[in-house]
Amino acid sequence: MSKNKHEAIFTPIGLNYDSNGRVEKSVELPPVTKKKHKSLGLSDDDVVGMFRQMYLQRRFEERAMQMYQKGKFGGFLHLYIGQEAISTGTVYALDDRDDIITAYRDHGWGLVRGITANEGMAELFGKATGCSKGKGGSMHFAKAENHFWGGHGIVGGHIPIAAGLAFANKYKGNGEISCCFFGDGAVDQGSLHETLNMAQLWKLPCIFVVENNGYSMGTAAHRHTVGEIYERANGYGMKSAMFNGMDAFTVYENMKKIADDVRENSIPYFIEIRTYRYRGHSMSDPQKYRTKQELEEYQKTDPVERMKTYILDEKILKEKELESIQEEIEQEVLESIDFAEKSPFPEPEELYEDMFAGTPYFHDR
Ligand SMILES: Cc1ncc(C[n+]2csc(CCOP(=O)(O)OP(=O)(O)O)c2C)c(N)n1
Ligand SMILES: [Mg+2]
């Protein structure tokens, strides 16, 4: 049977090569900033701190993956590997008291917002010493005292909560803003559009950020959504931006400017940050929907390697010093595995604690 045009478009798998033999990519990355760290207002220490953070997120997840494969814990495990410049650049651009909320690809966000490797690994292992007392697992990292509100499993489900956080901040007049991260797979969920409408109507100081990593499970972004994602904002008269998420400086530069605007003028903002996830959607993904060549194309722009090269080129640290930081982080992660293994599971009674169901409203009826 001859293939017609439509069959080619709707092929269930296989983003291969286009007719010119080029690797067909699921998302196009815009250029990165040309500015150096000092002109962005970052000190040498900030740059080293950013590297530390990205490397911690990377090694934590690589080890978590090994532990999962060894059967040390079960459930889902969605890795953030490849996207670390977004969490890192953002947290450096925001104030520590600004609220952050994200979806289930949340380990990197938790770590950069102060969850320790111990607390994170213990949470994966389901132990009582975990950041959510072992009752949340991979998808529900949280640290409310650091204004990190999790870790949410329902696609688009946390977007209205971000508006609620922004509403609370505006109501209290505390000058804090909220920042909500979700995937390209969430952009057509009704919850996003209902929230954008209210956010614009009430001028809520909230930044809505799509981490467009090219895929929603196994479906490439350009096969599951029409038009340009950041242009969704136009329908609501909301300000928008789109930029490269494989470079921490680019994320920092843009997020800082946007956060200042949102804070100063109490307005919402809609952003698409383009990035790429190196690993499968979750651990059970055979990744038949993409080619090895496509993955390799993006790995050439790896955020961790890019930062390492920058630090050496700018002579911020010597190679030996960088290596010892890496070694330190490696140890921190290995120790977290030990900590998680030795920690106790929560007691059965703890199942009834930290529950939202205990409101008088439900009990009295
Ligand atoms: C409402 C809802 N529908 C479907 C799912 C199943 N599901 C889990 S993750 C996912 C894909 C989301 O992709 P994206 O938003 O791009 O995030 P990414 O995994 O790329 O970070 C889907 C469909 C879900 N969790 N919630
Ligand atoms: Mg995605």
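These are my notebook entries on a predicted model.

**Overall fold**

I began with the whole chain. I counted 13 helices and seven strands in the protein. I then looked up the extent of the C-alpha atoms along the principal axes, and the box is roughly 65 × 55 × 55 Å. Next came the radius of gyration. A compact globule of 365 residues would have one near 21 Å, and the protein has 21 Å, so the two agree.

I checked burial too. Buried residues account for 44% of the 365 residues. For contacts, I took pairs at least 6 apart in sequence. Of these, 77% join residues at least 24 apart.

**Ligand 1**

Which residues come nearest to ligand 1? I found Val155, Gly183, Asp184, Gly185 and Ser216, out of 13 residues around the ligand.

**Helix H7**

I went on to H7, residues 190-201.

Then I asked which residues of H7 are buried. I noted Leu192, Thr195, Leu196 and Ala199. These cover an arc of only 105° around the axis, so they sit on the same side of H7. I turned to the face away from that buried side. Gly190 and Leu201 are the exposed residues there.

What do the buried residues of H7 pack against? I traced them to helix H6 (159-172), strand S3 (206-212) and strand S7 (269-274). Last, I looked past the end of the helix. Lys203 follows H7 and has a positive phi, near 50°.

**Helix H12**

I repeated the length check on H12, residues 319-342. This helix has 24 residues. From first C-alpha to last I get 35 Å, close to the 34 Å expected at 1.5 Å a residue.

I listed the buried residues of H12 as well. They are Ile329, Val333, Ser336, Ile337 and Ala340. I then looked for what covers them. The cover includes helix H2 (44-69) and helix H5 (117-124).

**Recap**

I keep two items for the next page. On H7, Leu192, Thr195, Leu196 and Ala199 are buried, and their partners are H6, S3 and S7. On H12, the buried residues, Val333 among them, have H2 and H5 as part of their cover.

How values were computed: Residues numbered from 1 in each chain as written. Chains lettered and ligands numbered in written order. Predicted model: local features only at pLDDT ≥ 70, side-chain atom pairs only at ≥ 80, totals over all residues. Near = placed C-beta within 6 Å. Helix = DSSP H or I, 4+ residues; strand = E, 2+ residues; numbered from the N terminus. Expected span 1.5 Å × (residues − 1). Buried ≥ 20, exposed ≤ 12 C-beta atoms within 10 Å, placed from the backbone. Arc of directions from axis to C-beta. Contact = placed C-beta atoms within 7 Å. Rg over C-alpha atoms; globule rule 2.2 N^0.38 Å.
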